[in-house]
Amino acid sequence: MKVGIIMSDEQCRLPPLALLRLQSWLSPAFPTGSYSYSHGLEWAVEAGHVNDRESLVDWLEADLCYGSGRNEAIFFSEAWRCTRDNDRTRLFEIAELAAAFRGTSEFALESLQQASSCHSMLRRVWPDRLLDTLSQWLSERHVPPALSAVLGVRSATEGIPLSLALPAYLQSYLANLVTAGVRLIPLGQTDGQLVIAALEEAVLATSAQARNATIDDLGSAAFMVDLASMAHETQYTRLFRS
């Protein structure tokens, strides 16, 4: 299914500085440590479930449309909307739920460490009062941060439309896993870019659905991804932390 995009006046008026910042936050150069996580993909390759470009596309599309990627898109959306509406009570609830919504210990570690690193760098380079307030609230309750909530809040305070920020976030999420797949299978760089291109429509479709979704729509039908993460915890040889 093709998903068309028509630029709105709001998107066309996006300040160049805000766009540059979004690109910086989602860049591989931004030090979140995302390169050290495969989200269970390493075990899927070891087990033979993912062994070429086509199977990598299938695996990542399932995660994006029916698993963790879809849920992260919903949390990003909810955090963005709460920030826009200045609804701090609901924002705190969303952030707490996002932290708890992890199927395995490795997924929890993956989320916590990337979110903590992201917030630490944002605080030093692009500080934001609301993020600091959210961080303090979570810390007092011993609740770990979630990357989707952190970037959802920061995108909203920067004035970046959800219709731009969300697909960019999901594209970054997938690009990191594609890079892991290129190293693990292994694939060539051209095949890696072909995988990213093949997933463009899935990114746009998931983004469009998540923009209107709420926490009532959370759920996962990508059970194999969770099983892969569980199996990875005891995998004998590993390159990645998840």
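This is a predicted model: local features need pLDDT of at least 70, side-chain atom pairs count only at pLDDT 80 or more; totals for chains, interfaces and linings use all residues.
Is His 232 buried or exposed? His 232 counts as buried, because its relative accessibility is 0% and the cut-off for burial is under 20%.

His 232 belongs to helix 13. Setting aside residues up to four places away in sequence, His 232 touches Glu 42, Trp 43, Glu 106, Arg 238, Phe 240, Arg 241 and Ser 242.

Val 225 is also found in helix 13. With a relative accessible area of 3%, Val 225 is buried. Its contacts, again not counting residues up to four places away in sequence, are His 39, Trp 59, Asp 63 and Phe 107. Between Val 225 and Gly 152 there are 73 residues of separation in sequence and 24 Å in space, C-alpha to C-alpha.

Phe 223 lies in helix 13, which covers residues 223–232. Phe 223 is exposed, with a relative accessible area of 53%. Together with Met 224, Leu 227 and Met 230, Phe 223 forms a nonpolar patch on the surface. The accessible area of these residues together is about 360 Å².

## Salt bridges

The structure holds 11 salt bridges. Three of them are listed below with the distance between nitrogen and oxygen.

| Arg 21 | Glu 158 | 3.0 Å |

The side chains of Arg 21 and Glu 158 meet in a salt bridge. Arg 21 lies in helix 2 (residues 16–25) and Glu 158 in the loop between helix 9 (147–157) and helix 10 (162–184), so this pair ties together parts that are 137 residues apart in sequence. Arg 21 counts as partly exposed at 22% relative accessibility, whereas Glu 158 counts as buried at 17%. Arg 154 is linked with Arg 21 and Glu 158 in a network of salt bridges.

Glu 54 is partly exposed at 46% relative accessibility, and Arg 53 is partly exposed with a relative accessible area of 28%.

Glu 72 is buried, with a relative accessible area of 7%.

## Helix packing

Which angle do helix 7 and helix 9 make where they pack? The angle is about 30°, and the axes of helix 7 and helix 9 are 8 Å apart. Helix 7 is therefore roughly parallel to helix 9, because angles under 35 degrees count as such. On the side of helix 7, the contact is made by Ser 111, Gln 114, Ala 115, Cys 118, His 119 and Leu 122. Helix 9 contributes Leu 147, Val 150, Leu 151 and Arg 154.

Helix 4 (residues 53–66) packs with helix 12 (residues 200–210) at an angle of about 10°, their axes being 9 Å apart. That makes helix 4 roughly parallel to helix 12. Glu 61, Leu 64 and Cys 65 of helix 4 make the contact with Ala 202, Val 203 and Thr 206 of helix 12.

## Two further positions

Ser 68 lies in helix 5 and counts as buried at 16% relative accessibility. Not counting residues up to four places away in sequence, Ser 68 touches His 39, Asp 63, Phe 107 and Tyr 173. Among these residues, His 39, Asp 63 and Phe 107 are also touched by Val 225.

Pro 144 is found in the loop between helix 8 (129–140) and helix 9. With a relative accessible area of 31%, Pro 144 is partly exposed. Leaving aside its neighbours within four places in sequence, Pro 144 is in contact with Ala 99, Leu 112 and Leu 138. Pro 144 and Ala 205 are 61 residues apart in sequence, and their C-alpha atoms are 29 Å apart in space.

Conventions
Residues are numbered from 1 along each chain as its sequence is written. Side-chain values use heavy atoms; hydrogens and water are left out. Patches are made of residues with over 30% relative accessible area and no salt bridge: like charges are joined within 9 Å, nonpolar side chains (Val, Leu, Ile, Met, Phe, Trp, Tyr) within 5 Å. Accessible areas come from the Shrake-Rupley method with a 1.4 Å probe; for residues, only the protein chains shown count as cover. A salt bridge is a side-chain nitrogen of Lys or Arg within 4 Å of a carboxyl oxygen of Asp or Glu. Helices (H or I, at least four residues) and strands (E, at least two) are DSSP runs, numbered from the N terminus. Buried means under 20% relative accessible area, exposed over 50%, partly exposed in between (1.4 Å probe, protein chains only). Axes are lines fitted to C-alpha atoms, for helices over the stretch in contact, and angles run from 0 to 180 degrees between N-to-C directions. Angles under 35 degrees count as roughly parallel, over 145 as roughly antiparallel, 65 to 115 as roughly perpendicular and the rest as oblique. Contact means heavy atoms within 4.5 Å.
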